[in-house]
Amino acid sequence: MAQSTDRTPLLKVEHLSKEFPAESGVFGGRFAKRVVSAVNDVSFEIYPGETFGLVGESGCGKSTTGRTIMRLTNPTSGKVFFEGRDVAAMNKKELKAMRRNMQFIFQDPYASLNPRMTIGEIVSEPMTIHGVGTKEERMRRVRELLDVVGLNPEHINRYPHEFSGGQRQRIGIARAFALRPKLIICDEPVSALDVSIQAQVLNLLKDLQDQFGTAYLFIAHDLSVVQHISDRVAVMYLGKMVEVSDWRTLYTEPHHPYTQSLLSAVPVPDPDIQKTRKRIILAGDPPSPIDPPSGCRFHTRCPIAQEICSKEQPEWKEVADGHYCACHFAQKFPIKESHIDL
Amino acid sequence: MKKNDKNYVDLKTQPIPEGQHLLEVDDLKMYFHTEDGVVHAVDGVSYTLDRGETLGVVGESGSGKSVTHMTIMGLIPMPPGKIEGGSVKYRGHSLLDMSEEEMQHVRGNDIAMIFQDPMTSLNPVYKIGKQVGEGLRLHRGYSKQEALKRATELLDLVGIPQPEKRVNEYPHQFSGGMRQRVMIAMALACDPDILIADEPTTALDVTIQAQIIELMQEMQQKNGNAIVMITHDLGVVADMADKIMVMYAGRPVEFGTADEIFYESRHPYTWGLIRSIPEQAVDEKKPLTPIHGNPPSLVNLPAGCPFAPRCPYAQDICHTERPVHHTRPSGHYSACHFADDDEFVKKNAPDTSRSRGKIATGTPDTLDSTSKGGEA
């Protein structure tokens, strides 16, 4: 599915930045001088039918990126092109038309479904809003969708509280697919689920993609999940994108020290491997996105940081075909054993 | 706050009776009696734990892993909870027979607990120093100054920078990882024999999780305490645990050494869990093999094996008879009717890095039920 070379991108994000006022209060931060730089100068593309994974720790801006693309919040600067048209410049009507092709799956299967609506109403709502079909047609489509996502179509008149977490996430997925969108932004769709249920939902997303050719922007903090589902993966740190490549290269040849540390920090469910591998443990917490560190934002925790790292922002360079990295010392596994004192 | 009883002898200073373990949980049963019926929250949990050991307790939400340990600590309100059977022995003393006052001496002093959410388990209106030192004032009779001094040392020990300044701050001034360090400092204040950690890293990012796990291991090496690590993350138990108990629907379905659970598992639920985790594949991605269906309600447990409705290998007997623990000489037990059937296990157990021959021990062909088991 990752044959993404000479096709036109479905989504193109160019130098996207999003800042929030850091002070709150009666004036809603209108006079705030300090800002939270949640997303800073992020660029990437998503091709039709592919899964683009966005991974990073809490507060790195991955969800804000997703929300800004959908224009659930307005970008501070930068452009988002969906099928060649600038999302930021769209008026209400155009935005509505665009959202027919771009849907969202949320993390929390409990908070994202209206408890007073039946499953039928929830799943048919996007079709109602966009005026698709007659009521009977919509209900027929809802039954089909419930069947596709593995729920019993007879449960169409039940309410969300009658379903388990995994089943609710299936309802959310059915709703996202109701309009057969071209792109679905999945924001941590499985992180609230138990492993056995998580595997069910991941398989379902994969099946639906094969069936409908939908592209996913898959946002998650769990690297093994992202690796499993994605064709290409981007790593974010403190509002910046630090590395992008196809999933295999990212895991076998990480070029950014943060990617490498992240990979080494994930515990592998295999005691033999876990005992033998070397872990890189980053010191400290991620700094605050208010007044982020100068130069490379990772330099305060980076085991291989040099003087230049605190002074100059590293360039976003192509280290191999389709493999980008923002580090002054980008190379395969940049952190060597001599850098880790164990 | 109760004043320290001078005549009280710390249980952790008493010897472990001959032939017994530090902690012995035997067939513990605790049910909740609710309006909707009886919830079989803890239904026959058995394990043993020694000093310096780490027990990993894994299972999905609602499998009873937390509530088992709340029961052991005497933290379940009774009613609605009720002990229905079994025993918990700590250094030969039965915890279930202790009065609330006696349990207060045990909690925090002999057995300490860390909770998942450091934000809700710290009191927002008290300074960190006061909260960390509270156990010392209570159990050791420290003065305010002594407790604060020790709290500062403890914060330093768990790697919190500028401890002299931080003891006078409030929980909201700490990040998630730092708060979890405070929780660890608090739990370790009285040098407990056993540390029960309930999903201590679940709310944290991976890089912070790695720091906290390392800290817990360091502290264990220094103090020799035992750890009970409750988690849903098989990666974390692979990293930390010497022994593992897998729980399902309030029951332990398998218990053994980490090696036995990961490489020689004899229960279909454990197999299902292992197969559900995305592999760190580098050549080709295989689809995941999820466990079908959902965990059962603990009010209306199916007759027979609770896993039977989701088990791909279930036979008639599984739906009618509750499986007993099939225990092997090493102490490895599995609650499956077919656990002793080597043919069945060999045919259906998932591939592991060992069975693929990367490391040549315990391949299914060399198994026979007497010699197998490894050094527990």
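Trainee: What is the order of the four strands in the open sheet of chain B, and which kind of pairing do they have?

Mentor: This is a predicted model, in which local features require pLDDT of at least 70 and side-chain atom pairs count only at pLDDT 80 or more, while totals for chains, interfaces and linings use all residues. Residues are numbered from 1 along each chain as its sequence is written, with chains lettered from A and ligands numbered from 1 in the order in which they are written.

The order of the open sheet in chain B is β2-β1-β4-β5, with antiparallel pairing. Strands (E, at least two residues) and helices (H or I, at least four) are DSSP runs numbered from the N terminus, and two strands pair if DSSP finds at least two bridges between them. The edge strands of this sheet, each pairing on one side only, are β2 (37–49) and β5 (93–94) of chain B. Strand β1 (residues 23–34) of chain B runs antiparallel to strand β4 (residues 81–90) of chain B, and eight bridges join them. In one of these pairings, B:Asp26 has B:Ser87 of β4(B) as its bridge partner.

Helix α1 of chain B lies across β1, β2 and β4 of that chain, at about 75° to β2(B). Such angles run from 0 to 180 degrees between N-to-C directions, and axes are lines fitted to C-alpha atoms, for helices over the stretch in contact. A residue is buried if 20 or more other C-beta atoms, placed from the backbone, lie within 10 Å of its own, exposed if 12 or fewer, and partly exposed in between. Because seven of the eight residues of α1(B) (residues 65–72) are buried, this helix is largely enclosed by the rest of the structure. The buried residues are B:Lys65, B:Ser66, B:Val67, B:Thr68, B:His69, B:Thr71 and B:Ile72. After α1(B) comes B:Gly74, which has a positive phi, near 70°.

From here we turn to the boundary with chain A. Contact is made between 37 residues of chain A and 38 residues of chain B, two residues being in contact if their C-beta atoms, placed from the backbone, lie within 7 Å. On the chain A side, α6(A) gives the largest share, eight residues. That side divides into 15 nonpolar, 14 polar and eight charged residues; Ala, Val, Leu, Ile, Met, Phe, Trp, Tyr, Cys and Pro count as nonpolar, Asp, Glu, Lys and Arg as charged, and the others, Gly among them, as polar.

The axis of α6(A) comes within 8 Å of that of helix α11 (residues 268–276) of chain B, and the two cross at roughly 45°. The two helices are therefore oblique to each other, since angles under 35 degrees count as roughly parallel, over 145 as roughly antiparallel, 65 to 115 as roughly perpendicular and the rest as oblique. Here A:Val195, A:Ser196, A:Gln198 and A:Ala199 of α6(A) meet B:Gly272, B:Leu273 and B:Ser276 of α11(B). This contact has three nonpolar, four polar and no charged residues.

B:Val206 counts as buried because 21 C-beta neighbours lie inside 10 Å. Apart from neighbours within four places in sequence, B:Val206 is in contact with A:Glu57, A:Leu262, A:Ala265 and A:Val266.
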